[in-house]
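Biologist: I should like to go through this model with you. Could we begin with the terms and then turn to the protein itself?

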Amino acid sequence: QPVLAVVGRPNVGKSTLVNRILGRREAVVQDTPGVTRDRVAYDALWNGRRFTVVDTGGWEPDASGLQAAVAAQAELAMSTADAILLVVDATVGATGTDDAVAKVLRRSKRPVLVAANKVDSERAMAEVAALWGLGLGEPFPVSALHGRGSGDLLDAILEALPTTPRDTFGGQPGGPRRVALVGKPNVGKSSLLNRLAGEQRVVVDSVAGTTVDPVDELIEIEGRPWRFVDTAGLRKRVNTASGTEYYASLRTKAAIDAAEVVIVLLDASEPVTEQDLRVITQIVEAGRALVLAFNKWDLVDDDRRHQLERELDRGLVRVPWAERLNISARTGRAVGKFAPVLDRALESWDTRVPTGQLNAWLNEIIAATPPPVRGGRQPKVLFATQAQTRPPTIVLFTTGFLEAGYRRFLERKLRETFGFSGSPVRLSVRVRE
Ligand code: GDP
């Protein structure tokens with residue numbers, strides 16, 4: 001979700017305005033300069049759109065004076081936010097500091113809005129026009145305390161913020177979720193599909209006569225319909241044409257792309273193959289939820305089971321978060337367990353961690369284990385926000401590059417706290433400047 005940074009001198013009413021934007025009474029903690037603030041980023045919702053509000057106050061306590069501190073704040077805002085709100089006290093007018101900040105902000109490539117705060121009465125309106133002088137366009141008169149003008153300001157903020165792609169993922173909301181069933185030939189895909197569907201196979205789409213004739217089927221599991229995408233790929237066909245494998249891999253890719261959650265079927269009675277691992281990587285890269293099902297469990301004895309554990313420790317290091325089912329399409333073993341496992345994976349995939357919670361977590365982790373020094377400098381992690389769901393995508397705003405090892409550490413910690421079992425998680429770093 002897009003980020004709005006709020007900047008301004010102390011005492012202009014920034015925090016009150018932030019609370020007004022958030023639409024709740026939860027006090028933004030005012031802290032002593034020099035003390036790292038507990039939380040700096042918050043979720044806001046206006047007219048059905050979400051964005052993150054970052055109160056930049058208190059970030060960069062600076063020995064070189066107020067002007068430099070506020071200018072640094074503005075620089076930071078310009079490099080991390082999608083839009084910036086400069087708050088000015090209309091009853092005081094533009095001070096030298098305000099002018100200095102405005103000068104910095106005029107260089108911004110991002111939209112900048114000016115809130116003329118403390119306009120509690122008609123009389124105060126007279127002061128607002130003078131703030132055109134900041135050179136940042138029309139000032140918005142507001143009273144953060146009483147709420148006056150905040151609706152217009154919020155409308156303008158939404159207009160200034162970029163629209164993010166909607167989180168919805170095709171299909172009707174509340175409709176059947178989309179599942180792809182993939183795996184190498186003879187692993188038991190059609191057997192499993194038949195086992196799941198029983199008699200009631202319902203073909204929902206069919207575009208015949210094309211090379212990739214996609215066919216979806218609605219299949220009930222535990223009394224609820226699921227949309228299995230591109231099941232035509234699972235049909236038995238005579239593989240005489242050359243290049244069959246190539247088409248099979250295209251087909252697998254198309255099925256993964258069309259799905260929300262992918263079941264990878266593996267043959268438990270045989271060694272895990274490179275091809276299996278490639279498909280798993282493909283799913284992670286496509287950002288789909290993942291369930292691993294080991295079929296032909298009826299053929300697995302104790303020896304094979306131990307061997308398999310060793311193979312999995314080596315092979316599945318990339319996806320320790322994926323749930324596994326040991327099934328048999330032949331006997332029906334554990335086939336009834338798909339519904340809860342698919343549900344959990346999709347729930348993780350859909351999860352949105354509130355920004356406040358995310359930053360409370362982040363501050364705790366960073367206090368205990370700060371990012372490693374790089375090139376003599378310690379990168380600071382300023383705040384985090386979840387930019388997207390499906391899969392959960394977390395953006396960290398930092399003052400420097402974070403090493404891959406530290407990013408992996410953060411992802412591990414993130415999963416310890418928030419789970420996300422069954423879903424990939426993306427962690428991206430936005431470095432200021
Ligand atoms: P697909 O190519 O992945 O669709 O695989 P099929 O469903 O056609 O199955 C390939 C072969 O494996 C068939 O002979 C099935 O009878 C057999 N098979 C499928 N599932 C199981 C299972 O759970 N246990 C055993 N022993 N054989 C299975």
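Modeller: A residue is called buried if 20 or more other C-beta atoms lie within 10 Å of its own, exposed if 12 or fewer, and partly exposed in between, with C-beta atoms placed from the backbone. This is a predicted model, in which local features need pLDDT of at least 70, side-chain atom pairs count only at pLDDT 80 or more, and totals for chains, interfaces and linings use all residues. Residues are numbered from 1 along each chain as its sequence is written.

Biologist: What is the average pLDDT of the protein?

Modeller: The average is 84, and 85% of the residues score at least 70; pLDDT is the predictor's confidence in each residue, from 0 to 100. The model scores ipTM 0.94 and pTM 0.72.

Biologist: Where does pLDDT stay under 50?

Modeller: One such stretch is residues 167–171, with seven contacts beyond four places in sequence; two residues are in contact if their C-beta atoms, placed from the backbone, lie within 7 Å. Residues 206–212 also have a pLDDT below 50. Where pLDDT is low, the predicted coordinates should not be read in detail.

Biologist: Which residues of helix 5 are buried?

Modeller: In helix 5 (residues 150–160), the buried residues are Ser150, Leu153, Leu154 and Ile157. They lie on the same side of helix 5 because they cover an arc of only 100° around the axis, the arc being that of the directions from the helix axis to the C-beta atoms. Helices (H or I, at least four residues) and strands (E, at least two) are DSSP runs, numbered from the N terminus.

Biologist: And which are exposed on the other side of helix 5?

Modeller: Gly151, Asp152 and Glu159 are exposed there. The buried residues, by contrast, pack against several elements, including helix 1 (14–22), strand 4 (83–89) and strand 5 (112–117).

Biologist: Changing topic, which residues come nearest to the ligand?

Modeller: Gly188, Lys189, Ser190, Ser191 and Ala329 do, out of 16 residues around the ligand; a residue counts if its C-beta atom, placed from the backbone, lies within 6 Å of the molecule. Helix 6 (residues 189–197) gives the most to this shell, with three residues.

Biologist: Finally, how is the protein divided into domains?

Modeller: The assignment gives domain 1 (3–160), domain 2 (178–348) and domain 3 (355–431); such bounds come from an automatic or database domain assignment. Eleven residues of domain 2 are in contact with nine residues of domain 3. On that side of domain 2, strand 12 (289–295) and helix 10 (338–350) are the elements that give two or more residues.
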